[in-house]
Amino acid sequence: MTSPSRCAALAVVLLSAACAPMAAGLSARRMLITLYSVSSGSARTTAIQSNLNSANKAIGPTLCRQKMLQMNVSAFSFFRGSNELYYQDLKNKSTISATGSSFYSATATPWLQGDFHALNIGTYDNDAGTVIFDLNDFDESFVGNFLYDVYRLAASIVLVGRENSMTDTDIRSCVKSFVNFYCDKMSGIKQGTISDSTVLTASNTYGRVDDLIINAAASDTRKKMLDKYSTVVNSKRTFMTNAQNPDLDAVNATERTAITNAMTAYFTSTVTSSLKGNTAYFAVQDVARRLNAGTGSLGKSRYYVIIQGATSDASDDRILDVKLQGKPSVYPYLTSTAKAAVDNAVANDADRAVKAYKALIKGADNHLGYMSFLSGFYSVRERSPFKESLDTTGVDLSSLTNLAEQWGWALANAHARSDGGLYGTPASIESIVYSLTNGVQDTFKTQVADFAIAYGNQVSTDFSLFRASLAGNKLCL
Ligand SMILES: *[C@@H]1O[C@H](CO)[C@@H](O)[C@H](O)[C@H]1NC(C)=O
Ligand SMILES: *[C@@H]1O[C@H](CO)[C@@H](O)[C@H](O)[C@H]1NC(C)=O
Ligand SMILES: *[C@@H]1O[C@H](CO)[C@@H](O)[C@H](O)[C@H]1NC(C)=O
């Protein structure tokens, strides 16, 4: 008998007797889905303003304004800063549903990165000290439909391509390369020919990714990172002042005491690596507030803590990145069952971000844990000396194709690692994605590319409405 995959592969060109029913079923399914339609006009302006104002209420008007100015830089930076709008749009347009995609399945729910765009992936060192290229931000992670991550990265490819004056034909080709790698890696992992434990390193990556890893490994050092943020005074490492480094600010006595007091619970009961309970290692040297970081999370309360590290020598000190966590943007759009599956298995949202990190990344940072102080829950990770992000300036068909392929690979690895039945994930996400897409990958690629171009148009429209709203002082109210 003709195998289903072979049948579907041939279906497009060869409507043989055996293949005809499947081909007809497929094209019917494809025609039934509702493509994303762009919203515009004054109702859209109002929707954008109310979405941004409610999403940024908690950080207050001054930091909100700073974030809006950062979002004002480009359509892509607007997209990075407005994840809440993306989820609201996908909900309002029923995009992630059987009517929005013929690749929707209610069981296709890995841990999501949750805000997967071209710059939420970069280099850092894992717990084995290897410089890897992988997903690097888990604030927005939750368990949900895999299409959310696939679609958001695909839309970001459109924005990056347009920033670099690429044609829609070339951009579509790049989106398809991303989906192609995602599906192929999922399929290889399902069939056991490759492993989701593989990490992307200098030896198996190419193009700008491999350049980024090689540069980070060669020119970044712990000393360089420590010297960027701190100085050694009487053999004790101390954070720079705001005048010395504008990304830092002094903490007040209340904050210093609260953070110092929260350390013991963090390293004795939330750290799970071999560092757990190591009082000397985690001895606090200094604490500072971290300013100006990120786009989406700009304005969120964040601190840096210098700890002693392996020896009392100031050269092996470590910097902990301590970040306030709340509900991720996808949260309001999940079923109560999906919410409960994670909520009942985590202590709080900082623990949720940490559990997501461990689920999605192989050999995750061994400083991961969380702290509770001043009525907030803060995730804790080490600030990697090898943290670098891609520069997408000047990409063309060839270089963006290379990047898109490796983004697809990294996402497939992350999703495939994160399953296993806990938190509402399926036993095997790779098997589900394989059965959804096997033999019909071209249809899937086309659907993702259609969405990405449409949503890229939505973001361009939104970006001009946003600029007008900013000029008219309608934001941060
Ligand atoms: C989504 O729909 C709700 C309810 O109709 C509406 O209030 C909101 O403004 C819509 N959001 C967007 C971004 O269109
Ligand atoms: C937003 O960016 C545009 C284009 O650079 C600029 O003209 C405008 O003044 C900026 N808006 C604000 C509020 O700075
Ligand atoms: C210290 O910082 C905390 C947290 O930002 C703030 O709530 C508090 O008002 C500050 N205390 C003083 C005395 O400035």
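## Surroundings of ligand 1

Ligand 1 is surrounded by Ser39, Ala47, Asn51, Leu85, Gln88, Asp89 and Asn92, where a residue counts as near if its C-beta atom, placed from the backbone, lies within 6 Å. This is a predicted model, in which local features need pLDDT of at least 70, side-chain atom pairs count only at pLDDT 80 or more, and totals for chains, interfaces and linings use all residues. Residues are numbered from 1 along each chain as its sequence is written, while chains are lettered from A and ligands numbered from 1 in the order in which they are written.

Helix H3 (41-55) and helix H6 (83-92) each supply at least two residues of this shell, and H6 gives the largest share, four residues. Helices (H or I, at least four residues) and strands (E, at least two) are DSSP runs, numbered from the N terminus. By class, the shell around ligand 1 holds two nonpolar, four polar and one charged residues. Here Ala, Val, Leu, Ile, Met, Phe, Trp, Tyr, Cys and Pro count as nonpolar, Asp, Glu, Lys and Arg as charged, and the others, Gly among them, as polar.

Around ligand 2 lie Leu69, Asn72, Arg467, Leu470 and Ala471. Helix H16 (residues 441-471) contributes the most to this shell, with three residues. Three residues of the shell are nonpolar, one is polar and one is charged.

Ligand 3 has Asn252, Thr254, Glu255 and Leu374 around it. Its shell comprises one nonpolar, two polar and one charged residues.

## Helix H11

Helix H11 (residues 253-270) has 18 residues, which at 1.5 Å a residue should span 26 Å; its end C-alpha atoms are 25 Å apart, which agrees. The expected span is 1.5 Å times one less than the number of residues. H11 has a kink of about 30°, centred on Ala262; the bend is the angle between axes fitted to the seven residues ending at a residue and the seven starting there.

The buried residues of H11 are Ile259, Met263, Tyr266 and Phe267 (buried: 20 or more other C-beta atoms within 10 Å of the residue's own, placed from the backbone). They pack against strands E8 (284-290), E9 (302-307), E11 (369-373) and E12 (376-382), with contact meaning C-beta atoms, placed from the backbone, within 7 Å.

## The chain as a whole

The protein chain has 16 helices and 13 strands. Its radius of gyration, 23 Å, is close to the 23 Å that the globule rule gives for 477 residues, so the chain is as compact as a globular protein of that length. This radius is taken over C-alpha atoms, and the rule is 2.2 Å times the number of residues to the power 0.38. Of the 477 residues, 48% count as buried.

Key. A residue is buried if 20 or more other C-beta atoms lie within 10 Å of its own, exposed if 12 or fewer, and partly exposed in between; C-beta atoms are placed from the backbone. Two residues are in contact if their C-beta atoms, placed from the backbone, lie within 7 Å.
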